[in-house]
Amino acid sequence: SKMNLREQLLYIRHLFRLYRFRYPAIVQLMLFLLVGFSGFLVDTFFYFSLQLSLGVSHLAARAASFVLAASWNWYCNRKITFLQAGRSDGLAQWTKFLVMSSISFVLNWGSYCFLTTAVPFFAEHRYPAFIAGILVGTVSNFTFSKYIVFKEPVGAGLPR
């Protein structure tokens with residue numbers, strides 16, 4: 001009878017903390033993918049909005065939607081996925097994230113451009129190429145984020 005909604009939410013939060021402690025790499029990857037999915041929604045929204053409402057070409061819309069989605073992902077990853085990241089300079093970290101994400105974006109956008117210009121199916125069906133490009137960039141983006149942008153300071157997590 002004392003297990004009200006607040007207590008249930010506290011229990012779920014506690015379980016999450018336990019899993020984060022016991023399986024840090026798996027939880028971090030899952031959170032990164034969850035944040036990435038939310039960024040995918042932001043990316044998709046702006047990709048189509050720029051084309052439909054402003055008449056921007058699909059290639060330019062793809063580039064602009066990337067910057068907006070990458071900024072969203074940086075913020076969410078800083079607050080959710082890589083908790084230790086909140087201790088570093090936000091502007092420098094955001095800049096580093098955009099630079100590292102740009103490398104992933106070259107893979108993402110390059111594969112999108114290649115597919116939509118060289119493969120007849122994708123020239124007619126651009127959205128599957130859009131998704132393929134995102135998948136190509138995800139692996140490098142996680143690696144750069146974990147080991148370069150949001151890396152833990154030396155000695156972090158060690159007992160004092």
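In this predicted model, helix α4 (residues 90-118) packs against α6, their axes coming within 8 Å. The two axes cross at roughly 150°. Angles over 145 degrees count as roughly antiparallel, so α4 is roughly antiparallel to α6. The crossing of α4 past α6 is right-handed. Residues in the contact of α4 with α6 comprise 14 nonpolar, eleven polar and two charged.

Beyond residues up to four places away in sequence, Ser 145 touches Phe 32, Phe 82, Phe 97, Phe 150 and Lys 151.

Phe 32, one of these partners of Ser 145, belongs to helix α2. Phe 32 has a relative accessible area of 7% and is therefore buried. Leaving aside neighbours within four places in sequence, the contacts of Phe 32 include Asn 77, Thr 81 and Phe 82. Phe 32 also meets Thr 138, Asn 141, Phe 142 and Ser 145. In sequence, Phe 32 and Cys 76 are 44 residues apart. In space, their C-alpha atoms are 9.0 Å apart.

The largest nonpolar core has 13 residues. Ala 70, Phe 82, Phe 97, Val 149 and Phe 150 have the most contacts inside this core. Elements giving two or more residues to the core are α3 (58-81), α4 and α6. Helix α4 gives the most, with four residues. A second core is separate and has eleven residues. Among them are Tyr 47, Ala 61, Tyr 112 and Leu 115. Three members of the largest core, Phe 82, Phe 97 and Phe 150, are also touched by Ser 145.

Helix α1 (residues 5-22) packs on helix α2 (residues 24-54) at an angle of about 115°. Their axes are 5 Å apart. On the α1 side, the contact involves Phe 16, Tyr 19, Arg 20, Phe 21 and Arg 22. These residues meet Pro 24, Val 27 and Leu 31 in α2. By class, the contact of α1 with α2 has six nonpolar and two charged residues, with no polar ones. The contact of α4 with α6, in turn, has eleven polar residues.

How values were computed
Residues numbered from 1 in each chain as written. Predicted model: local features only at pLDDT ≥ 70, side-chain atom pairs only at ≥ 80, totals over all residues. Heavy atoms only, no water. Contact = heavy atoms within 4.5 Å. Axes fitted to C-alpha atoms, helices over the stretch in contact; angles between N-to-C directions. Parallel < 35°, antiparallel > 145°, perpendicular 65-115°, else oblique. Left-handed = near helix turned anticlockwise from the far one by under 90°. Nonpolar A, V, L, I, M, F, W, Y, C, P; charged D, E, K, R; others polar. Core = buried A, V, L, I, M, F, W, Y, C linked by side-chain atoms within 4.5 Å. Buried < 20%, exposed > 50% of the residue type's maximum accessible area, 1.4 Å probe, protein only.
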